[in-house]
Amino acid sequence: MKKVGIALMAFVLVLLTLAPAGRGRAAEAKIVDPSAVYTYGVLTRDIRELAAKYPDIIEYKSIGKTLYGREIWAVGLGTGSSTVFFNGSHHAREWLTTTLNMTMIEQYAAAYAANRKFEGYDVRDTLGKTKIWFVPMVNPDGVTLQQTGLQSFPTGVHQALIRMNDGSRNFKRWKANAQGVDPNRQYDANWTELVNNYYYPRWMGHKGTAPMTTRENKALVAFTHEIDPEIAVSYHSAGRILYWNFRTPAANYARDKRLADIFTRFTGYSQVSPSYNANGGGGYTDWFIQKLGRPAFTPEIGIKNGETNLPLSAFPEEWRRNKKIGLWIAQEGYALWAAKNKSSVKPVSLFLDGKRIEGDPAAFNEGGTTYVSYKPLLTRLGYNLAWDGAAKSVTATGQHGTIRFALGRKQAEIDGKAVTLTAAPRLQEGTVYVPVRLISQAAGTSIAADKKTGAVSIKSPARTTEPAVPGMPARPDPQPSEPPAQPADPPAGQPAIPAEPSVPGEVSPPASGGTGDVVPGTVVLPGE
């Protein structure tokens, strides 16, 4: 009996030991499952869950709708001023590239949230300088047809789809969109010179009757111009090869070849000869290289397994080869952006009541205006801060009153009264800065600047204390409190800077297929 009691006690101790670890594993549960077929429905669910889990670093929106009403989702990761762009699943059967895009998003966001490095990259620093945009599934109609067949489409178009599939009801080889047009032969880059073209809608090889006729292509080109990326990567399958050149001008050749060599070193993918690719055209990266004059890459992941999708078993190896590509491209994109955007920003030191405010930088001068990083300064002055992602505005409440301001707007509010600023609050390498005069005017501080160094010294206003009530302890001075870690609603009763009307949890893209509104609450709080 004694032995049974000892054994039972040991068993209980084991359970107690394992319980916290089990809870930790549950807390770290991954959203993206690369071991399952990655459908449009799974994509939509995962994007929303990732945005809810990492609201300070992920935003998403629809950039258009397909002919059959499926959203073309775009996901933004980071807060930087420079941008780079990744996409996948131009071709329907190549949906494992969507899994790759989504795994990048989740893995990088998790590293950012935990403030840890990923494959040697400082994720917070990288994503603070560069925003990585993804369109993980360019062709959701085609992907759905390839994965599920006719059942996901109106019965009235079944016979047309079968004809485009050469009479077959098996759609596992399908590459085109649901109109029988190949989205990666549709871009306006030597489109008229494309060879091996089928002159009728088909499961593959039909370039359309003119360039840029599909909704998918129109949405992607418009979005590219909107985000203005320095580098683009369009994932395809298969072959473990890398396209990097499309009639690249001599002036850009060395720049792009250096990047291609690094890409090859990371992935092991063989580079396709520029001469081989010179007679092509119509592809996304062909258009990007030719029209924008910037580097673009088309990696073909995996080894071809017949005329169908790659097996799920191919993913672990392709992820191993590509897992650092997103962060590396983000760093390279920032270097290209910074070279073109040499700023006249002059960092200066910032002091509050004689104590230095840390920051990178905490303050700077540009064009005669002194900007300060609002968050550390207002926090020390005793304000609570709330960020409205939809309006890109900040509400600061404290003992000196309430301040509201928004990125890019010279109109602000102090205690509910409108004021006009000398310059608009702005985003500088992932941090929001405001004109120092706004802080002074709202909080009643005094400002002094050193004529030689430009250093700014701010002095808090004198505090007034109320006389103590007899028999009651004196009211203590209010203490600064940390701003909320997540975006919060403005305090009750405070006037709000109007945001675009929206329904929480939904994105409604324009009927024309243009860009939609970012979902409220999914935009990063800059300066974290």
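Residues are numbered from 1 along each chain as its sequence is written, and side-chain values use heavy atoms, with hydrogens and water left out. As the model is predicted, local features need pLDDT of at least 70 and side-chain atom pairs count only at pLDDT 80 or more, whereas totals for chains, interfaces and linings use all residues.

The protein chain contains 14 helices and 23 strands, taken as DSSP runs (H or I of at least four residues for helices, E of at least two for strands) and numbered from the N terminus. Of its 528 residues, 51% count as buried, that is, under 20% relative accessible area, with exposed meaning over 50% and partly exposed in between (1.4 Å probe, protein chains only). The accessible surface of the chain comes to about 24100 Å², of which 54% belongs to carbon and sulfur atoms, as computed by the Shrake-Rupley method with a 1.4 Å probe. Among contacts (heavy atoms within 4.5 Å) between residues at least 6 apart in sequence, 70% join residues at least 24 apart.

The largest pocket has a volume of about 970 Å³. A pocket is here an open set of points on a 1 Å grid over the protein atoms alone, where a 1.4 Å probe fits, with protein on both sides within 12 Å along at least five of seven lines; lining residues have an atom within 4 Å of a point. Of the 38 residues that line this pocket, His91, Lys175, Arg185, Tyr243 and Glu300 are the closest to its centre. Two or more lining residues come from each of β6 (236–237), β7 (241–243), α9 (274–277), α10 (284–292) and β9 (296–301), and α10 gives the most, with 4 residues. The lining divides into 12 nonpolar, 18 polar and 8 charged residues, where Asp, Glu, Lys and Arg count as charged, Ala, Val, Leu, Ile, Met, Phe, Trp, Tyr, Cys and Pro as nonpolar, and the others, Gly among them, as polar.

In soluble globular proteins, nonpolar side chains tend to be buried together. A nonpolar core is defined as a set of buried Ala, Val, Leu, Ile, Met, Phe, Trp, Tyr and Cys residues joined through side-chain atoms within 4.5 Å. The largest such core has 58 residues, and those with the most contacts inside it are Ile58, Phe86, Tyr235 and Phe297; helix α3 (residues 96–114) gives the most to this core, with 10 residues. Beyond four places in sequence, Phe297 touches residues including Leu242, Tyr243, Trp244, Leu259 and Phe263. A second, separate core of 31 residues includes Leu350, Ala363, Val372 and Val434.

Most residues other than glycine have a negative phi, and most peptide bonds are trans. In this model, however, a cis peptide bond with omega of about 15° joins Ser237 and Ala238, the latter placed in the loop between β6 and β7. Asp228, although not a glycine, has a positive phi of about 55°; Asp228 is found in the loop between α7 (215–227) and β5 (232–234) and counts as partly exposed, at 40% relative accessibility. A positive phi of about 55° is likewise found at Asp415, which is placed in the loop between β18 (411–414) and β19 (417–420) and is partly exposed at 48% relative accessibility.

Phe171, in the loop between α6 (158–164) and α7, counts as buried at 2% relative accessibility.

Technical notes:
Points joined across faces, edges and corners; volume = space filled by probe spheres on them.
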